[in-house]
Amino acid sequence: MLGILLAKDLRRARRNPLPWLINLAIPLAITALIGLTFGGGGAALGRIRLGVVDQDDTPLTRMLRGMSQQGRAGNHLEPLFLDRAAAERELLANKLAAVLVIPTNFTRGYLSGSQRVSLELIKNPAQSVHPTVLEELLEVVVTALSALARNFGSEFPAWQAVFEGQADYRQVAALIERAGEKLQAARAYVNPPLVTYSKQPPEPVSWPATARESPARPAKPGRADGFNLFGYLLAGMTGMFLLFIAGNSLNDLHREVRLHTFERYHTLRHSLLPFVAGKVALATVLLLAGSAVLLGGGALVFRIPWQHPLALAALSVGYAGFAASFMAVLGALTGDERVGNTVNTLVAMALAVAGGCAFPPQQLPALLRQHISPLLPTYWFAETVRRLEYGGGDAPWVQVTLQLAILSLALLAVAALLFRRRFRKGLRA
Amino acid sequence: MDDVTFEVRAGELYGLLGPNGAGKTTTLSLITGLLKPDAGKVLVAGTPLSDNPQQAKRLMGFVPQDLAIYEDLTGRENLEFWGRLAGLSAGQARSRAGELLEALGLSDRAQDTVRTYSGGMKRRINLGCALLHRPQLLLLDEPTVGIDPQARWNILGFIRELRAGGTAILYTTHYLEEAETLCDRIGILDHGRLLAEGSLKQLQERLGGDRVFVVEADLKDAAVEKWHGLGARFRLIQKSARQLVVAAAGDMDPAECLKALLALPVRVENITLKRPNLNDVFLQLTGRELRE
């Protein structure tokens, strides 16, 4: 029976493919949009290409240039030292995130304290995240330079002489010694810091009793290095957009009511379950295609390294089934296509927001985060994917997939019952 | 629906006649199991529908008033799909669809999508979709609404053939001519009540045989019920400001009837003698025209 119904719907889809193509184009467009928002491609944030125009060219500025290539900064920054014209050309060609200009006499002005000094940052307007990161970094550098000026201001004339090559080694050694003593004296105030901030690890998903009783294993070391902001957001976005696509797809139930074909089916078959199941199955296939476009497209186009493709595929199947059968229930509760569209959109949005799909769940109000979100399948899906990929790969994805599958079947039965009740009350197009 | 009882026999075409909103479609919905009655029961081949709805549905074919077909599918695909749902195998559905396309005169358009069909062709496919499994009881809900006379003629001819083949047919309509020319027995339905049923002749006899007189006169202030001789000889069917419709009560000669009517205490402008039709029956039963 299911095969007959599916064959019929596939024939209809073949003759009128536009709604299907639109449903698949939406996730494609969303993936592209999110990808472009986060810098246009590359794994994680990638190395930020920064143009540096050093018009001052002093030992101090050379030291600053050197710092940008050393240690962890070197992992994230790719400075290119250019003259101003070349830097502007590269910026216009969208090959740089920003250009840092160190103006002439910057060192002299800074060390003498005779004038207000400034660094110039020219941001690339065609990019969004990388230039903002550089702006934040530069603020840190400026704050550090200001702190140095306040604490070592009295020594700056001597240091200026050093940078201008007018001091001998003995004077330099004395300067370094005094700087060391000052730092030693300030140590108690600097380390340990009075106020610290450390990022909270993601709250564990509230699994059913069996999973909750066993404490989560600590994340595998080194996993955090694979964090990908786009991938993290895409997991939630996928959860949200699959709900929207499911809503669009399951609106076909309203169309069958309007065409009186659902009613005709019921005059031939007593059970409505196969009819609703056919729609849910077809929508699930469409959602899996959408999921492949979103997650697979993200992996291919934006080089997101999904670490657990099998688990991801299983979760997608479970979630697609949930989304489709949930929308079938909404279809059974709403009167017509127009009302159905509005209700589907609102409910999908609410589920996505409350489930931490639209925003990371840590940003949600405590009441929602602690008591409501863990009950929502959107949260199960998005958080399990995030924990799998960025939480050390330790998430009970099999259990969550089963939960979603069982919930899907229950919702499917509820949808069929609701439609039967509506028929008995005189459901008409 | 209120206390509606009737039966449809094998090889019989039973018409349910009534104005819009009389309860015709609701009656069919109760029979097909779309609606659940709050009292009473539906028997299909002697078995209550509620005992084994799926078994009962296998014996029935339902043609809804609105087209219930897929316009994106071809005529053949529609027929085969509904045939499969009715329990036929793929081969049976294919073969039966071919037969029906031939019988409905749609063989040459079988591979075209229904979207490209005319209104009459869509109606024929709509009818055919209920016949794949050769139902013993066919329920037709106003199957000729909104189509041209030629297409209607074709469909009515096809329905007559089905009746001749032994199918029990329950046919709802608000077209008097269809009920009069097509149906073996007719039930008159209004406001959810079955007011009368029987063959056309039996219903006509309710009015006193095959003669009805229409008297035209100024009757605005006339108290016709008090007119001497009218009530004794005639059955009053309808009275309006300009018209009095009566049927002869006994076996009176038409000339005598005319003489009696001309003797009424009113200036008669015209008298017409006609055969009573279902509208007159409906008029007598409800005081309203069926077409109102």
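**Notes on helices, sheet and salt bridges**

1. Helix 15 of chain A and helix 19 of chain A cross in a left-handed sense, where left-handed means that the near helix is turned anticlockwise from the far one by less than a right angle, and right-handed that it is turned clockwise. Axes are lines fitted to C-alpha atoms, for helices over the stretch in contact, and angles run from 0 to 180 degrees between N-to-C directions. Helices (H or I, at least four residues) and strands (E, at least two) are DSSP runs, numbered from the N terminus.

2. On provenance, this is a predicted model, in which local features need pLDDT of at least 70 and side-chain atom pairs count only at pLDDT 80 or more, while totals for chains, interfaces and linings use all residues. Residues are numbered from 1 along each chain as its sequence is written, chains are lettered from A and ligands numbered from 1 in the order in which they are written, and side-chain values use heavy atoms, with hydrogens and water left out.

3. In chain B, 4 strands make up an open antiparallel sheet, ordered 10-11-9-12, two strands being paired if DSSP finds at least two bridges between them. Strand 10 (234-239) and strand 12 (268-274) of chain B each have a single partner strand, so one side of each is left without a neighbour in the sheet. From one strand to the next the twist averages 25°. Strand 10 of chain B is joined by 5 bridges to the antiparallel strand 11 (residues 243-248) of chain B, and B:F234 stands opposite B:A248 of strand 11.

4. Helix 11 (residues 278-286) of chain B packs on this sheet, touching strand 10 and strand 12 of chain B (contact means heavy atoms within 4.5 Å), and its direction makes about 85° with that of strand 10 of chain B. Helix 10 (residues 254-262) of chain B lies across strand 9 (212-217), strand 10, strand 11 and strand 12 of chain B, at about 155° to strand 12.

5. Over all chains the structure holds 35 salt bridges, each a side-chain nitrogen of Lys or Arg within 4 Å of a carboxyl oxygen of Asp or Glu. B:K24 and B:E142 form one of them, with the closest N and O atoms 3.4 Å apart; this pair links helix 1 (residues 24-32) of chain B to the loop between strand 5 (137-141) and helix 6 (149-164) of chain B, 118 residues apart. Both B:K24 and B:E142 are buried, that is, under 20% relative accessible area, where exposed is over 50% and partly exposed in between (1.4 Å probe, protein chains only).

6. A:D252 and A:R255 form a salt bridge at 3.1 Å, and both lie in helix 12 (residues 252-258) of chain A, 3 residues apart. A:D252 is buried at 11% relative accessible area, whereas A:R255 is partly exposed at 25%.
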